[in-house]
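Thanks for asking me to look this one over. Here are my notes, as numbered points to read with the model open beside you.

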Amino acid sequence: MVKIPKHILVAVLVVLVVAIVAASIALIYRPSPPPTPVKKVVIYASLSEMTTADPSTEFSNSVLWLPLVYETLLWYDPIKDEFIPGLAINHTVSPDGLIWTFYLRRNAVFHDGTPVTAQAVKASIDRTITLGQGAAYILEPVERIEVVDDYTVKFYLKYPAPLDKILASPYGVYIFSPKVAEYAGAENLTDPKVADWFNKGNDVGSGPYKLVKWDPENEVVLEKFTEWWGWKEPGYPLASPNAPDVFIVKIIKDAVTQERMLRAGQIDIAQYVPPETVEDFEKDPNYVVVKSPSFQNLLLLFNTKKPPLDNPLVRRAIAHAIPYDDIVVVARAGFARVASGVIPYGMWGHFENFRYEYNLTLARQLLAEAGYPTGINKTLILVYTAGDIYEQRTSELIRSSLAQLGITVEIRPMSWEEQWALAQKGWEDPYAAQDLFIFYWWPDVLSPITYLYGMFHSENKVFNLCYYENKEFDDLIMKAYSLEGVDPDKALELYRKAQEILYRDVPAVGLWDMIDFRIARSRIGNLDKAINPAYPTVIFAQVLDVKG
């Protein structure tokens, strides 16, 4: 046994004690890890449930979130009449207007990490054209698409057309990763398995947000895509450093409920509140109110295949029995203007002489001429979206006025899904569908064609819910569309003639053109910059400046 000297033991013990004390002090005073950043969450209340999640075919309410998850080559600001770069940083057009060349940014990636290339642009647009659904008709001028190299793509047109506006549409021109076919286990992009994959809540867009929850009747949840190129580009007008990390679209099917939830702090932005409450919100510093022009309008569609509305005289009588001014005042508290035709005020192709005078005497004369001198011995079914206070009030005023002509109207509030299912029966069996349909419309491409083809062309049996057929009208609008890019004055003349036919045949009546407003809690900045009339109902969340 080796004997250790006492002085060495003491030294060792001192060193151990010092080490233990030092370690204890270090443990006590070790800096805490940085706190986990609190995510900025913004909840936006939508009145209507979403429809599909397929970027090639969606043509309805899902426009509210599609531009956040997917991107187009260009965005368009109709107020400033200028284009904002999207996936394309620049483009050129040949002198004859038939060849458009787009140059893509090189730092854009899809949510699956693959780069955005010209091949993806071609595949995405080709899928929309091949499927031929939704807003695919706006791409009718496109003859073919050529991939020049990974970041250059050419569009060859059949005739001059405003391709820049077409490719800035809120529908039908979104770009997505071609790998979606692989993810869906599909043979190609047009395989129905791809649509099924999208509609299960999957996405492969390149936008500032990713789709992480798809519950179309209740809520849609989006989370920030940190690799989005727009966060990294200094001064890009469609990006904010304080944008929400999570953007939730919550379906609240009642304007009064949206108002209550906004005041309770349960939502951050209301799409709809009773319009008479707007002034109170404007006076309250806890909220911000943004008013803006809108190309969204409200129409009354007639079932033109079902008696008695198959008679144009009856439709014209009803058109003259609608109290348009009262509807603007009562239904929208003045946040609208009486419509003139079906194309909204401020858009190219709108004319001011297509209003129907509110004149009950004239309406009675027209009814008598149609064979109904004492009214109509049949109840007409009018449907509107349940919870939409504007549509409800409009419907009630129409019902009250038509009662003075001896026309009984039954109002049926329905969910959009129920309305849609009922209206889709009309082409096969007009008697099984509604008589009257209160209906919003907003643009895809900013051209009269979006309204005239979208709702009235005989081949568009998806949204022509008037079941209207008129070959002269069909030919006029397609000819006008083919001239927009080369002879806009002639195109405008043809669009006017087409609207004269609608005015005569009365398959629908424009009720009012909306003056839009959104209300948010004061923590939501840049709300005015996040709204664009070319993309109605959309809040460009990446532009918001969220405080706290």
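1. In which helix does Gln258 have its place? Gln258 lies in helix α7, which covers residues 255–263. Please keep in mind that this is a predicted model.

2. Is Gln258 buried or exposed? Its relative accessibility is 0%, so Gln258 counts as buried, the cut-off being under 20%. Leaving out residues up to four places away in sequence, Gln258 touches Ala45, Ser46 and Leu47, together with Ile252, Ile267, Ala270, Gln271 and Tyr272.

3. Stepping back to the whole protein, you will find 16 helices and 19 strands. The C-alpha trace spans about 130 × 55 × 40 Å along its principal axes. Of the 548 residues, 58% count as buried. If we take contacts between residues at least 6 apart in sequence, 71% of them join residues at least 24 apart.

4. The largest nonpolar core is worth a look on screen. It holds 198 residues, and the members that touch the most others are Trp65, Phe155 and Leu544. Strand β12 (residues 287–302) gives this core its largest share, nine residues.

5. What is Trp65 in contact with, apart from its neighbours within four places in sequence? The partners of Trp65 are Met50, Thr52, Ala53, Tyr70, Leu211, Trp214, Val220 and Leu222.

6. Next, a pair of packed helices. Helix α14 (residues 449–456) and helix α15 (residues 471–483) have axes 10 Å apart, at an angle of about 150 degrees. Angles over 145 degrees count as roughly antiparallel, and therefore that is how α14 and α15 are described. The crossing of α14 past α15 is left-handed. From α14, the residues Ile449, Leu452, Tyr453 and Phe456 meet Phe473, Asp474, Ile477, Met478 and Tyr481 of α15. By class, this contact of α14 with α15 has eight nonpolar residues, no polar ones and one charged.

7. Helix α14 also packs with helix α16 (residues 488–505): their axes come within 11 Å and cross at roughly 40 degrees. That angle makes α14 oblique to α16. Here too, α14 passes α16 in a left-handed crossing. Ile449, Leu452 and Phe456 of α14 meet Tyr495, Gln499 and Leu502 of α16. The contact of α14 with α16 divides into five nonpolar residues, one polar and no charged.

Notes: Residues are numbered from 1 along each chain as its sequence is written. This is a predicted model: local features need pLDDT of at least 70, side-chain atom pairs count only at pLDDT 80 or more; totals for chains, interfaces and linings use all residues. Side-chain values use heavy atoms; hydrogens and water are left out. A nonpolar core is a set of buried Ala, Val, Leu, Ile, Met, Phe, Trp, Tyr and Cys residues joined through side-chain atoms within 4.5 Å. Buried means under 20% relative accessible area, exposed over 50%, partly exposed in between (1.4 Å probe, protein chains only). Helices (H or I, at least four residues) and strands (E, at least two) are DSSP runs, numbered from the N terminus. Contact means heavy atoms within 4.5 Å. Axes are lines fitted to C-alpha atoms, for helices over the stretch in contact, and angles run from 0 to 180 degrees between N-to-C directions. Angles under 35 degrees count as roughly parallel, over 145 as roughly antiparallel, 65 to 115 as roughly perpendicular and the rest as oblique. A crossing is left-handed if the near helix is turned anticlockwise from the far one by less than a right angle, and right-handed if clockwise. Ala, Val, Leu, Ile, Met, Phe, Trp, Tyr, Cys and Pro count as nonpolar, Asp, Glu, Lys and Arg as charged, and the others, Gly among them, as polar.
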